[in-house]
Amino acid sequence: MRMRRDMSGHRASQGGVTLIEVLVAVVVLSIGLLGVAGLQAAGLRFTQNAALRSQAVVIATDIADRIRSNPDGLAAGYYNSFSSADHVNTATPNCITEAGGCNPQELANYHIRDWSRNTVAAMPGGASATVTCGADNCQVVVTWTGLEKSGVSATPPKMRIAFVPSALL
């Protein structure tokens, strides 16, 4: 096999090497861009999960504020233990629209029903929440359907908040 020589008599470089280098560079660049796209998708999923966690905190503090606003209902035990799933379809008490107002039990029933509807409506795929009040504190647990990778089984995310109602201080 003879070597090619250019006009000045020097050996010419091998032809086609530049094309191979360009193809390798394109492959490396493509892999890098796929990695960046994967990071972008993961970042979006994490941002959405963080937004759902924030919404769960809002849901939990909403019922905490409602419980604090009705200390007589709390003392009577109307908030002791309930789940949002049990109260979504209950009727609105008439006392809300009447001039006389509500007694502590009616106000507690209204708070629980309204909060239960808001809880289910606030999260994609719905959510459930339970409230348990004891002698010295209350605990709210909000559970929702997370935005996990498909095909990965995981326990549903939960947000647990405990608080001391001001009526018990």
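These legends accompany close-up views of a predicted model. Residues are numbered from 1 along each chain as its sequence is written, and side-chain values use heavy atoms, with hydrogens and water left out. Local features need pLDDT of at least 70 and side-chain atom pairs count only at pLDDT 80 or more, while totals for chains, interfaces and linings use all residues.

**View A. The aromatic pair of F82 and W115.** The structure holds one aromatic pair, where pairing requires ring centres of Phe, Tyr or Trp (its six-membered ring) within 6.5 Å. Because F82 belongs to strand β1 (residues 81–83) and W115 to helix α3 (residues 104–122), the pair ties together parts 33 residues apart in sequence. Helices (H or I, at least four residues) and strands (E, at least two) are DSSP runs, numbered from the N terminus. F82 and W115 are both buried, meaning under 20% relative accessible area (1.4 Å probe, protein chains only).

**View B. R45 over the ring of F46.** Here the charged end of R45 sits over the F46 ring, 5.4 Å from its centre. The criterion is CZ of Arg or NZ of Lys within 6 Å of the ring centre and within 35 degrees of the ring normal.

**View C. Strand β3 and its partners.** In β3 (residues 138–144), six of the seven residues are buried. Seven bridges join it antiparallel to β2 (residues 127–133), with S128 partnered by T143, and a hairpin of four residues links β2 to β3. Six bridges join β3 antiparallel to β4 (residues 158–163), where Q139 partners A162. Strands pair if DSSP finds at least two bridges between them.

How values were computed:
Rings of Phe, Tyr and Trp (its six-membered ring) pair if their centres lie within 6.5 Å; planes under 30 degrees apart count as stacked, over 60 as edge-to-face and the rest as tilted. Buried means under 20% relative accessible area, exposed over 50%, partly exposed in between (1.4 Å probe, protein chains only).
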